[in-house]
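Please read the points below with the sequence and the coordinates open beside you. They go through the packing, the sheet and a few backbone details in turn.

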Amino acid sequence: MRDLDPFGQDELADLVHLDEGAGPGRLQTREGTTKEFKENFTFGSIGAFARTMAAFANARGGYLIFGVTDNPRTVTGLSAASIARFDSLDQAKFTQNLNDIFSPEMHWEATLYELRPGRAIGVIYTHEAEHKPVIARKNVNENNAGIREGDILYRYHSRTERIKFPELRQILDDAKLREQRAMMRHVEALIRAGASNAAVLDFGASSIHGPTGQTVLMDEELVSKLSFIKKGEFEEVHGAPTLRVVGDVIPVSTLAVGTQEVVREALSPDIVLSDFLTRASVGNGEQYVRQIATGTTAFLPVHYYRIAAGLTNEQLLETIEGVTTRSVSKKRLLERIRTRNSMQGSPPSTLTQHASSVARRAHFDRLAAGEVPEVALDDPLDSQYFLQAIGSLDDDSIRLIVDDLWPLLHACFDRHYASSSRVADALRRAACRIDAALYGDVTA
């Protein structure tokens, strides 16, 4: 699987190579296992796009690149209409359309990239699926998509085809191996505890079943008096009610007993982000790290919580590796830390006068000059461009202005995080960039 950020400076610079001697815009780069070219972007062609994206997801991930003509391969750039469509792409709607065709959900990202004056290309990157295979849920024939219900697509060199037996066998063997490893971890825990001391937590029934069939419930009064202790760190006080827990305890604010429903208000990605933006003093930084690894997105600040937990980078990696989860976020978070990905993007291009690029560049220029611009926070689009500009700043520029950035960042969270998926994504990435600049000391 590729590094977490497929749109880093090196990746974008490597995406296409021009053959200067063959004529204007002629490409040296060919389509391959991880690249496919399209001339224009239209939302009506989602079936054809989904077919290729599913093939990438079942293989090693890959890029759909828009703005390249076929025969000869020439970078003409997207038309003005295609740029507008691509720049205003509704990510939630696009994802829903993909989910209508394929399952499980594919994870993807999109960006506009200016190669030359007047030549902007659109790029959609599809991540390699964590849980393969991605399978077609229905027939899709629009725009020659050629998708049949039950299809498993795979990327072979420069072609998208129905998967062949050797690749399918490898996918199924990998899935079986993951399940076996997960089961062995549970068995090892059972052996360590001893069968007579172990119980089963049934999330469906919201109950704990003991070895002789008994059900364990705790009322609110008892819970408020219990002290949770780690194995090996027990100092007994006679008469004090204490519950010995082997494993991890997730902090909750509410535990309702008396019905079959257990109501919890535990950590969530939103809380992780909000607490970072307010620089909240947290007493359980390690639990925040675990939440990031098991959540729905790996684009969350992690080094702030590493420091709160008193962990070195090596201990941070060990903590994340020890988390048992089916979430793709764990693998991506590990990649980000191991590769020391600072989440810094390229500065907004000066090569196009498209409105979005001009707006991003204006914000970037003022931020880089040490000035925090006046942001129309009631406008989600301007907030998005402002946040994207932060992601392109170097470490020194961020440290210079960060005190003025905090209130604006939290205002973006309060006003637009819940209502705009684009602002939410830009805010998470900006937070990761600031986290890396302020707290991401790789020598720690």
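1. Axes, in what follows, are lines fitted to C-alpha atoms, for helices over the stretch in contact, and angles run from 0 to 180 degrees between N-to-C directions. Helices (H or I, at least four residues) and strands (E, at least two) are DSSP runs, numbered from the N terminus. This is a predicted model, in which local features need pLDDT of at least 70 and side-chain atom pairs count only at pLDDT 80 or more, whereas totals for chains, interfaces and linings use all residues. Residues are numbered from 1 along each chain as its sequence is written, and side-chain values use heavy atoms, with hydrogens and water left out.

2. The protein has 15 helices and 15 strands. Of its 444 residues, 46% count as buried, where buried means under 20% relative accessible area, exposed means over 50%, and partly exposed lies in between (1.4 Å probe, protein chains only). Contact means heavy atoms within 4.5 Å, and among the contacts with a separation of 6 or more, 63% come from residues 24 or more positions apart.

3. How do α7 and α8 cross? The axes of helix α7 (residues 269-277) and helix α8 (residues 285-294) come within 9 Å, and they cross at roughly 130 degrees. That makes α7 oblique to α8, given that angles under 35 degrees count as roughly parallel, over 145 as roughly antiparallel, 65 to 115 as roughly perpendicular and the rest as oblique. The crossing of α7 and α8 is left-handed, a word used if the near helix is turned anticlockwise from the far one by less than a right angle, with right-handed used if clockwise. On the α7 side the contact is made by P269, I271, V272 and D275, and on the α8 side by Y288, Q291 and I292. These residues divide into five nonpolar, one polar and one charged, where Ala, Val, Leu, Ile, Met, Phe, Trp, Tyr, Cys and Pro count as nonpolar, Asp, Glu, Lys and Arg as charged, and the others, Gly among them, as polar.

4. A309, in the loop between α9 (303-308) and α10, is partly exposed, with a relative accessible area of 26%. Its C-alpha lies 9.1 Å from that of Y288, although A309 and Y288 are 21 residues apart in sequence. Leaving aside neighbours within four places in sequence, A309 is in contact with G285 and E286.

5. Four strands form an open sheet with mixed pairing, in the order β1-β2-β7-β6; two strands pair if DSSP finds at least two bridges between them. The edges are taken by β1 (35-38) and β6 (108-116), each with a single partner strand, so one side of each is left without a neighbour in the sheet. On average, neighbouring strands of this sheet are turned by 25 degrees against each other, direction ignored. Helix α2 (residues 46-58) packs on the sheet and touches β1, β2, β6 and β7, its direction making about 155 degrees with that of β2.

6. Which strands does β7 run antiparallel to? Strand β2 (residues 62-66) is joined to strand β7 (residues 119-126) by five bridges, and the two run antiparallel, with Y63 opposite Y125 and G62 partnered by T126. β6 and β7 are also antiparallel, joined by eight bridges, and there the bridge partner of A110 is I124. Seven of the eight residues of β7 are buried, so this strand is largely enclosed by the rest of the structure.

7. Helix α11 (residues 329-338) has eight of its 10 residues buried, so α11 is largely enclosed by the rest of the structure. The buried residues of α11 include K330, R332, E335 and R336, and its buried residues pack against α8, α10 (313-321) and α15 (421-439). R340, in the loop between α11 and α12 (355-368), has a phi near 55 degrees, a positive value in a residue other than glycine; R340 is exposed, with a relative accessible area of 59%.

8. The peptide bond from S103 to P104 is cis, with omega near 0 degrees, and the bond from K132 to P133 is cis with omega near 5 degrees. H157, which is not a glycine, has a positive phi of about 50 degrees.
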